[in-house]
Amino acid sequence: MDDLVDLLGRWASGRGPLYLLLAARFRALIDDGVLASGMPLPPDRTLARRLAVGRGTVVAAYDLLQQEGRVTRRQGSGTRVAPMELPATRTADGVVANPLLQHILHPPDGVRLLTCAAPDGPPPELLEAYQEGAGRLSTVRDMGYHPAGLAELREELAAYYRARGLPTTASEILVTTGAQQALTLLAGLLVSPGDTVLTQSPTYPGALEVFRHAAAVVRPVSLAGPAGPGGSPVPAGVARERPAPAEAPRERPALVYAVPTASNPTGSVMGAGDRRRLARLAAEHDIPLVDDEACAELCFSGDTPPPVASYATGEHVITIGSMSKLVWGGLRVGWIRASAPLISRLARLRAVHDLGGEALSQLAAAALLRRLAEIRPVRVRALGESHDHLCELLRTHLPSWSFEPALGGQTLWVRVPRGDVDSFSQVALRHGVAVPPGRAFDPLGGHADHMRLHFLFPREELSAAVRDLAAAWHAYDGTRRGNSRHALIV
């Protein structure tokens, strides 16, 4: 107990509810491997007495960590650090790798990773774009520090949104190091500890990690579909919301996060009516709405729907995008489209972190945007063919699994008829395939009977992966087990 209290340190010195501060400190200790897999944690009352807080604070912190899959709680055996999906790995200097990052930092040998949905290699257009960008460097006459992004790329992005029917100027664009940094900057500026963030469920797990890192209360909410009682839209923050942990605040949300176009993980596309309703609700309730368009250019229909901001009358809708899904994950260029005052505040915040992005990549991204009409159809056609191939493979080899074909993006959302994917994923690993369980996509740890499967492998490798999954399913006995942590999912 003394050692644990020392490790927790000045956990209560931040802003926000105590249970969130305590959960945030435990989260850091677990993710860094300081609290080992399977380690027992003190009982609620015992830890509460030692920390001089109410028992409800510890219960709420443990419950939140359980929803995130970081601890398990069972009557009779207490609370323990959740087991990891794979054994912990160490770097050359002996430091334990963050288990949430190990599939990216240390890819396991002989395992097909269905956990990472990103293009597995750069297209030839990327090299050509870098060559064009390198040629344009000779015209640059400044120090190269641009926290808001290079003027050329900001102008190209503004033109991109204008072409999609959304009036935009370069002053309304901030270039980021991928969409993940865009989310991190927005959370840093708009979310304080204890604030509520509303998301769809399932949703992109990288966003959930950002909001949790900001010590926010993340709640699932339905953002589309039937109207509320009396035919009126259901207000954000109220619609079909599931219970949050004890002591959780219930004030107006700090922001709403949505992936309405080529959603990760479902591949769904929100209709125009729901987009209009979503924009109106954000304005009526004075809530910032983040529209994540990382996969927006990957709709199989060939048409890219208008961003939600094009239906907005005010400045409540913030749009983020990225080149990583359309082109390649190694091209770390993303952006935020928002009101000019908000962009200015975000640029100042970014300057504190890294002074701005790398110039050559931004010049290459500008060149790629100019070739978007050429690049996008090829990418979408290839994804559509791979999607159809995966659907056929699943129908043939795993007919008991159910799914809705995607309308875009890179992934299918698949449901198993028995057991849970946490336990099945262990069997799948022994058959050489890593799958991301559905809990990682749910703010409250639900969807345990779902998994996300991407279709980015080459045709033969995708066929082999499904055959291995079928063999694993045949060997799986359908038992359930407690939640466990899994590698970072993109």
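1. Is Arg212 buried or exposed at 6% relative accessibility? Arg212 counts as buried at that value, where buried means under 20% relative accessible area, exposed over 50% and partly exposed in between, with a 1.4 Å probe and protein chains only. The model is a predicted one, in which local features need pLDDT of at least 70 and side-chain atom pairs count only at pLDDT 80 or more, while totals for chains, interfaces and linings use all residues. Residues are numbered from 1 along each chain as its sequence is written, and side-chain values use heavy atoms, with hydrogens and water left out.

2. Arg212 forms a salt bridge with Glu68, with the closest N and O atoms 3.6 Å apart; the term stands for a side-chain nitrogen of Lys or Arg within 4 Å of a carboxyl oxygen of Asp or Glu. Because Arg212 lies in helix H9 and Glu68 in the loop between H4 and S2, the pair ties together parts that are 144 residues apart in sequence; helices (H or I, at least four residues) and strands (E, at least two) are DSSP runs numbered from the N terminus. Glu68 is buried as well, with a relative accessible area of 11%. Salt bridges that share partners join Arg27, Asp31, Glu68, Arg70, Glu209 and Arg212 into one network.

3. Helix H9 (residues 205-213) also holds Phe211, whose partner Tyr257 is in strand S8 (residues 255-258), 46 residues apart. Phe211 is buried at 2% relative accessibility, and Tyr257 is buried at 0%.

4. The largest nonpolar core has 75 residues, of which Leu394, Trp401, Leu453 and Leu469 touch the most other members; a core is a set of buried Ala, Val, Leu, Ile, Met, Phe, Trp, Tyr and Cys residues joined through side-chain atoms within 4.5 Å. Helix H13 (residues 372-397) gives the most to this core, with 8 residues.
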